[in-house]
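Hi,

Here's the structure I said I'd pass on.

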Amino acid sequence: MELNFLSAAIMVGLAAFAAAIGNSMLFSKYVEGVARQPEVRGTLFGQVMILFGLIEALPIIAVGLGILVFFGFF
């Protein structure tokens, strides 16, 4: 049972870390792109928000799987 706790915690923790790294890279490149070409800010913002949602899906899925592992369904 203890391994379920450990595996769920590692799963959620690594997913949160990966999402944090992905978001920081995404928004740093967004700011860099707007600084180079301010006129495409609106187009880039729409694309960034779509990618932000895809990046944030990773920890949400990991939390769901972590809950399943935590309660022993896997």
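Predicted model: local features only at pLDDT ≥ 70, side-chain atom pairs only at ≥ 80, totals over all residues.

Residues are numbered from 1 along each chain as its sequence is written, and side-chain values use heavy atoms, with hydrogens and water left out.

Helix 1 covers residues 2-36, and its 35 residues reach 51 Å from first C-alpha to last, close to the 51 Å expected. (Helices are DSSP runs of H or I, at least four residues, numbered from the N terminus; the expected span is 1.5 Å times one less than the number of residues.) Its buried residues are A8, A15, A19, G22, N23, L26, Y30, G33 and V34. Part of what covers them is helix 2 (41-70).

On the record side, an unreviewed UniProt entry lists residues 6-27 and 48-73 as "transmembrane region"; such annotations may be inferred rather than shown by experiment. In the model, residues 6-27 are 100% helix, while residues 48-73 are 88% helix.

Now the rings. There are four aromatic pairs (ring centres within 6.5 Å; planes under 30 degrees apart are stacked, over 60 edge-to-face, the rest tilted). F70 and F71 have centres 5.0 Å apart and planes at 80°, so they pair edge-to-face. F70 is partly exposed at 34% relative accessibility, whereas F71, at 54%, is exposed.

Cheers

Key
Phe/Tyr/Trp six-rings, centres within 6.5 Å; stacked < 30°, edge-to-face > 60°. Buried < 20%, exposed > 50% of the residue type's maximum accessible area, 1.4 Å probe, protein only. Helix = DSSP H or I, 4+ residues; strand = E, 2+ residues; numbered from the N terminus. Contact = heavy atoms within 4.5 Å.
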